[in-house]
Amino acid sequence: VFYPKKKGEYRMDIIDCPYNRYYKELGCPELTKISCENDERCYGNLPGLEFKRNGTIGTGADRCDFCLRKL
């Protein structure tokens, strides 16, 4: 799900996580949480941007919401 364009901001929601599907097929869905944490490390450290997220499929939410804002 993509949100309307807003200057200096990019938002989207993932409602079907490919990592979650793959790890479930392997029998270890708990590993999805590691992929979620990697997002925090990658996007959370981009210079000039703020990364915010309220929940992830891997931690029990119904979607992964991504919001990147220009500082």
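**A briefing on the predicted fold**

Of the 71 residues in the protein chain, 30% count as buried (under 20% relative accessible area, with exposed over 50% and partly exposed in between, using a 1.4 Å probe and protein chains only). This is a predicted model, where local features need pLDDT of at least 70 and side-chain atom pairs count only at pLDDT 80 or more, while totals for chains, interfaces and linings use all residues. Residues are numbered from 1 along each chain as its sequence is written, and side-chain values use heavy atoms, leaving out hydrogens and water.

**Overall layout**
- Two helices and three strands make up the secondary structure of the protein chain (DSSP runs numbered from the N terminus: helices are H or I with at least four residues, strands E with at least two).
- Their order along the sequence is β-α-α-β-β.
- Along the principal axes, the C-alpha atoms fill a box of roughly 40 × 25 × 15 Å.
- Among contacts (heavy atoms within 4.5 Å) with a separation of 6 or more, 38% join residues 24 or more positions apart.

**A look at helix 2**
- Helix 2 covers residues 32–43, and its end C-alpha atoms lie 17 Å apart, which agrees with the 16 Å that twelve residues should span at 1.5 Å a residue (1.5 Å times one less than the number of residues).
- Buried residues in helix 2 are Thr32, Ser35, Cys36 and Asp39.
- These residues sit on the same side of helix 2, because they cover an arc of only 105° around the axis (judged by the directions from the helix axis to the C-beta atoms).
- Their cover includes helix 1 (18–26), strand 2 (49–52) and strand 3 (64–70).
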